[in-house]
Amino acid sequence: MKIFSAAQIKACDAYTIQSEGIASHSLMERAATACVQWIMHTYPIDVPFIVLCGMGNNGGDGFAITRLLHMSGYSVKAFLLTTGDHFSPDCHLNFTRLLNIDSSLVAKIEAYSYLEDIPEDVVIVDAIFGTGLNRPISGWVGNFIQHINSLPNTKIAIDIPSGLPADTVPESQATVFQANHTLSFQFYKRSFLHPEGGKYTGKISVLDIQLSTQFIQHTPANYHIVSLAEILRIYQPRSPFSHKGTYGHAWLIGGKYGMAGAISLASKAALRIGAGKLTAIIPEALFPIIQTSVPEAMCMSGGEKCVDHIPDLSKHQISAIGIGPGMGTDRRTLRTFESLLDHQTQPMVIDADALNLIADRKDLLHKIPPESILTPHPKEFDRIFGTSTHSMMRLESARNHAMQYNICIILKDHYAATILPDGSCYYNPTGTPALATAGSGDVLTGMLTGLLAQGYKPFQAAMLGVYIHGIAGQLAESRHSEEAVLASDVIDHIGLAFQIIRGNDVNHLVGKPYSIRF
């Protein structure tokens, strides 16, 4: 699913209006109808509503929503905030329509006035400013929004929370409407997918207002949010005539005396995601642990207590290599890692301590095999590529460096972003706070390596691996709670995650209902 900029969305609106031969206010009516249908599906008819309207097109949406809610039997009233010198044409039209039905449905809030004594059961709808706002909110309107934010009422933002930019993140002290729900028209906005902006949106519902599919299909976009349809195009079901050799031989390199957990989790995840065979290249001191905790894995010596050498690659048939979990940053390990980069030409998965070694030796970036997958969390990324003042700046840096070094970068966050060597960015929608636990990244490393071993292309492995990782985390959360999920629980739910994307009902398999969200 493409993510368009505010300018592209405006152009899509205009193209839809022209191609369908409709008036702009008809498209506004379509958007308002979609919002009211969502409200009617979510709230019973005895819930009262207040709609806060500005004087632009977002306010026009608000007046239209007020009219349609009233006609549907809801108790609702619109309040007009003077946010400019004049109405937009479509806002004025819907303001007039509402007045003609019943003038008591609209009240004007005078400058420096506030709404007081709003009962807590009233739902407040924000239609003050939309995506056309190009400046921070200040003055009385800013104070008004801060006052509304302080109220305990449920709040719904129409298209975008007022004050939130669509294409970047807000300034740290910006005034932004704090929504519990955001009803976005046709597309996600990029700001929704970054922590600085996403904290204002609440739960996001993208409403289909039937914008031109021709425009959407033929207009290029650098940013996307991964859909299940895209995942199903990537996913490769198994052939009934396959065998373990069909699904590759993965190597995972890592571990250090006292740090066996990371490589153990990665190994188990690589096998659970479907790698035909797995060899862990680990210090000999870890052999008893790995062969006990992951009996399906084979082990080869990479040293005594740390990884200080790697078996000759030319003597083994290796489908994919992942390196870094629990490996440490000993100088002998650094030499081994550099030697691997000098001899490996196939894409690798590089994580954890391998990233830390690159941060100390940035010249190694030039030796990384093309299309390799790097999986940094924000601090690891900053240590390698330089600090950023906010997450969107960091993502743009990741796009630049992915193109410069011809690599894939998975930038971990709530909406983990997979950046491809051509600079295109795919946000993953299946994350959960439950994945903020020790070893979760090691599990992802193993999953990515296992997918590469099976023949998935690097960009396919990255998108599918992150998506499945997120669903497995959601399934584990549904079973254990956000706080109680362990990395091993994520591994245990990889199989059910595959069942989910294939469209199978997993509840009968486990005897207890699961709840997941996309």
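Me: Let's start with helix 5 (residues 139-149): which of its residues are buried?

Reply: Keep in mind that this is a predicted model: local features need pLDDT of at least 70, side-chain atom pairs count only at pLDDT 80 or more, and totals for chains, interfaces and linings use all residues. Residues are numbered from 1 along each chain as its sequence is written, and side-chain values use heavy atoms, with hydrogens and water left out. Helices (H or I, at least four residues) and strands (E, at least two) are DSSP runs, numbered from the N terminus, while buried means under 20% relative accessible area, exposed over 50%, and partly exposed in between (1.4 Å probe, protein chains only). In helix 5 the buried ones are Trp140, Val141, Gly142, Phe144, Ile145, His147 and Ile148.

Me: And which strands are included in what covers those buried residues of helix 5?

Reply: Contact here means heavy atoms within 4.5 Å. The cover on the buried residues of helix 5 includes strand 2 (49-53), strand 3 (76-81), strand 4 (106-109), strand 5 (123-127) and strand 6 (155-158).

Me: In what order do the seven strands of the open parallel sheet come?

Reply: Two strands pair if DSSP finds at least two bridges between them. Strand 4 and strand 8 have a single partner strand each, so one side of each is left without a neighbour in the sheet. Neighbouring strands here are turned by 20 degrees against each other on average, ignoring direction. Reading across, the order is 4-3-2-5-6-7-8.

Me: How many bridges join strand 2 to strand 3?

Reply: Phe49 has Val76 of strand 3 as its bridge partner, and Cys53 stands opposite Leu80 in strand 3. Strand 3 itself is mostly covered, with five of its six residues buried. The two strands run parallel, and the number of bridges joining strand 2 to strand 3 is five.

Me: Which helix makes a β-α-β unit with strand 3 and strand 4?

Reply: Strand 3 and strand 4 pair in the parallel sense over four bridges, with Val106 of strand 4 as the bridge partner of Ala78. Their β-α-β unit is right-handed: with the strands pointing away from the viewer, the path from the first strand over the helix to the second runs clockwise. Strand 2, helix 3 (residues 57-71) and strand 3 make a right-handed unit too. For strand 3 and strand 4, the helix is helix 4 (residues 89-101).

Me: At roughly what angle do the axes of helix 2 (residues 24-42) and helix 4 cross?

Reply: Axes are lines fitted to C-alpha atoms, for helices over the stretch in contact, and angles run from 0 to 180 degrees between N-to-C directions. Ser24, His25, Met28 and Glu29 of helix 2 make the contact with Asp90, Leu93, Asn94 and Arg97 of helix 4. The two axes come within 10 Å and cross at roughly 65 degrees.

Me: There's an open sheet of 11 strands as well; which are its edge strands?

Reply: The pairing in this one is mixed, and the order is 1-9-18-17-16-15-14-13-10-11-12. Each edge strand pairs on one side only, and the two are strand 1 (2-3) and strand 12 (298-301).

Me: Is Leu211 buried or exposed?

Reply: Leu211 lies in the loop between strand 8 (203-207) and helix 7 (213-218). Leaving aside neighbours within four places in sequence, Leu211 is in contact with Cys12, Asp13, Thr16, Leu27, Gln186, Phe187 and Ile216. At 3% relative accessibility, Leu211 counts as buried.

Me: What is the phi of Tyr112, roughly?

Reply: Most residues other than glycine have a negative phi. Tyr112 sits in the loop between strand 4 and strand 5 and counts as exposed at 66% relative accessibility. Although Tyr112 is not a glycine, its phi is positive, at about 70 degrees.
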